[in-house]
Amino acid sequence: MSEEAIWIEKALRGDVQSFNRLVLKYQDMAYNVAYRILADPDDAADAVQDSFVKAFERLHQLHGGSFKAWLLRIVTNSCYDRIRKKKRHPTISMDTPSGERETIQQWPETAPGPEEIVLQHERAEIIQKGISELPPDQRTVLVLSDIEGLSYREIAEVTQVPIGTVRSRLARARAKMREYLKERGVLPGS
Amino acid sequence: MTKGTDERRMAVEELLSAYVDGELSPQERGRIEEILQRDKSASTMLMELKHTKEAVSSLPKMRAPRAFAISEKSEKRGLLGIKAFKLALSLAAVMLVIVVGWGFFTLMSGGMSASPRPQAVQKKLQPAPTALGTPQVKALSAPKATEAKKAKKPLLASKGGTLPTPTATLAPHPSPSRTLSKKPGRGTAPSWWWGAVVALLAAMLVVLFLTKHKK
């Protein structure tokens with residue numbers, strides 16, 4: 001029995017500490033996915049917190065499958081809920097734009113120089129904006145594939161759609177991203 | 001560009017995208033490699049798709065801004081909170097059903113007790129076997145013109161010296177319920193009942209509002 005399976009077994013008996021080991025293992029991945037889908041740090045943090053609470057409450061529904069895929073399903077569903085809610089009640093944030101916060105959090109001091117940091121930051125912003133403009137289903141597939149490195153089978157498990165649908169959604173997402181990045185001179189030779 | 005060309009282009013792009021990920025079957029891979037050898041635009045598209053994938057993959061990995069660990073206390077509170085909320089909602093619903101049901105029962109039974117019971121009315125209206133010209137018959141023989149027409153036969157019969165039948169006496173008699181209806185409680189609910197219904201409805205609205213704006 002793997003270490004993860006033991007934690008799940010204990011968590012199923014109500015051991016919160018064992019569940020928190022799973023949280024520690026997957027929280028960065030969950031947050032990264034939520035952040036790339038929602039493009040907002042606060043929304044992403046709330047979505048992840050909700051997802052872990054839901055995961056603990058519904059752990060009995062995990063029937064021996066992959067915990068990672070199951071958790072990502074909860075996270076992506078939580079993100080979809082927030083996107084839907086935002087569409088219904090659009091709000092204007094009075095906080096610092098997310099991109100600015102990303103600069104502070106993401107670029108380490110070991111980066112070559114301020115000019116390159118700025119360039120990298122601008123490039124990352126364009127890419128993130130391109131992702132945010134995709135329809136939610138294509139966005140999710142692109143994030144799971146190209147950012148998290150999941151296989152088509154794993155993505156199909158997370159999104160609960162056939163592998164063929166994953167493949168076509170990903171192709172459409174990449175086609176749109178390709179055009180978007182080309183127009184903005186992000187792709188080499190463009 | 002025609003629709004067919006667009007579809008073919010998209011099909012090739014889908015194959016190329018899966019080719020970049022190494023997710024093609026051997027047959028599909030053979031097919032796309034063949035296309036790549038003879039179609040320069042397909043090769044360009046493949047390069048661009050590879051660069052697109054690299055660009056997206058190059059985005060920095062975001063780290064969780066805080067620990068999302070669940071504390072035993074807050075988790076219990078959370079679960080208990082949900083249970084308490086559900087319990088309160090169920091109790092409110094049960095109370096509403098009881099109050100509405102009780103009020104309805106009161107209204108119905110009040111109305112029923114106020115309405116004349118057939119036997120009692122019969123008894124009350126049953127004329128005593130008396131001779132003609134008794135006050136009871138006199139009272140009954142003074143209806144409105146239309147009623148008098150309807151009651152013609154019995155009146156004539158009474159003239160002939162026979163006793164009026166109970167049905168004949170019932171028709172022109174003023175409704176006995178009119179006097180009974182003045183009894184308290186008929187057709188109206190007690191004021192506290194309406195208060196309780198309004199309070200419960202208000203409570204339900206508050207619960208609904210809280211449910212909607214919980215997050």
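Visitor: Where does A:Arg73 lie?

Guide: This is a predicted model. In it, A:Arg73 sits in helix 4 of chain A, which covers residues 67-88.

Visitor: What does the secondary structure of chain A come to?

Guide: Chain A has nine helices and zero strands. Along the sequence the pattern reads α-α-α-α-α-α-α-α-α.

Visitor: Is A:Arg73 exposed or partly exposed?

Guide: Count its C-beta neighbours. A residue is buried with 20 or more other C-beta atoms within 10 Å, exposed with 12 or fewer, and partly exposed in between. A:Arg73 has 18 such neighbours inside 10 Å, so it is partly exposed. For chain A, buried residues make up 37% of the 190 residues.

Visitor: Which residues does A:Arg73 touch?

Guide: Leaving aside residues up to four places away in sequence, A:Arg73 touches A:Val158 and A:Gln160. The C-alpha atoms of A:Arg73 and A:Ile155 are separated by 9.3 Å, and these two residues are 82 residues apart along the chain. For chain A, take the contacts with a separation of 6 or more: 60% of them join residues 24 or more positions apart.

Visitor: What is the phi of A:Gln160?

Guide: First the general idea. Most residues other than glycine have a negative phi. A:Gln160 is not a glycine, yet its phi is positive, about 60°. A:Gln160 belongs to the loop between helix 8 and helix 9 of chain A. It is exposed, because 11 other C-beta atoms lie within 10 Å.

Visitor: Where does A:Ala39 lie, and what is its phi?

Guide: A:Ala39 is in the loop between helix 2 and helix 3 of chain A. Its phi is near 55°, again a positive value in a residue other than glycine. With 18 C-beta neighbours inside 10 Å, A:Ala39 counts as partly exposed.

Visitor: How are two packed helices described?

Guide: By the angle between their axes and the distance between the axes. Helix 1 (residues 3-12) and helix 2 of chain A pack at an angle of about 140°, with axes 7 Å apart. The two helices are therefore oblique to each other. Helix 1 of chain A passes helix 2 of chain A in a left-handed crossing.

Visitor: Which residues of helix 1 and helix 2 of chain A meet?

Guide: From helix 1 of chain A come A:Glu4, A:Trp7, A:Lys10 and A:Ala11, and from helix 2 of chain A come A:Ser18, A:Phe19, A:Arg21 and A:Leu22. By class, the residues of this contact are four nonpolar, one polar and three charged.

Visitor: At what angle do helix 7 and helix 8 of chain A cross?

Guide: Helix 7 (residues 136-147) and helix 8 (residues 152-159) of chain A cross at roughly 140°, and their axes come within 10 Å. That makes helix 7 of chain A oblique to helix 8 of chain A. The crossing is right-handed. Helix 7 of chain A contributes A:Thr140, A:Val141, A:Leu144 and A:Ser145 to the contact, while helix 8 of chain A contributes A:Ile155, A:Val158 and A:Thr159. This contact has four nonpolar, three polar and no charged residues.

Visitor: How many residues of chain A are in contact with chain B?

Guide: On the chain A side there are 38 residues, in contact with 28 residues of chain B. The elements that give two or more residues to this side of chain A include helix 3 (41-57) and helix 6 (114-132). Helix 2 of chain A gives the largest share, 10 residues. The residues on this side of chain A divide into 25 nonpolar, eight polar and five charged.

Key
Residues are numbered from 1 along each chain as its sequence is written. Chains are lettered from A and ligands numbered from 1 in the order in which they are written. This is a predicted model: local features need pLDDT of at least 70, side-chain atom pairs count only at pLDDT 80 or more; totals for chains, interfaces and linings use all residues. Axes are lines fitted to C-alpha atoms, for helices over the stretch in contact, and angles run from 0 to 180 degrees between N-to-C directions. Helices (H or I, at least four residues) and strands (E, at least two) are DSSP runs, numbered from the N terminus. Angles under 35 degrees count as roughly parallel, over 145 as roughly antiparallel, 65 to 115 as roughly perpendicular and the rest as oblique. A crossing is left-handed if the near helix is turned anticlockwise from the far one by less than a right angle, and right-handed if clockwise. Two residues are in contact if their C-beta atoms, placed from the backbone, lie within 7 Å. Ala, Val, Leu, Ile, Met, Phe, Trp, Tyr, Cys and Pro count as nonpolar, Asp, Glu, Lys and Arg as charged, and the others, Gly among them, as polar.
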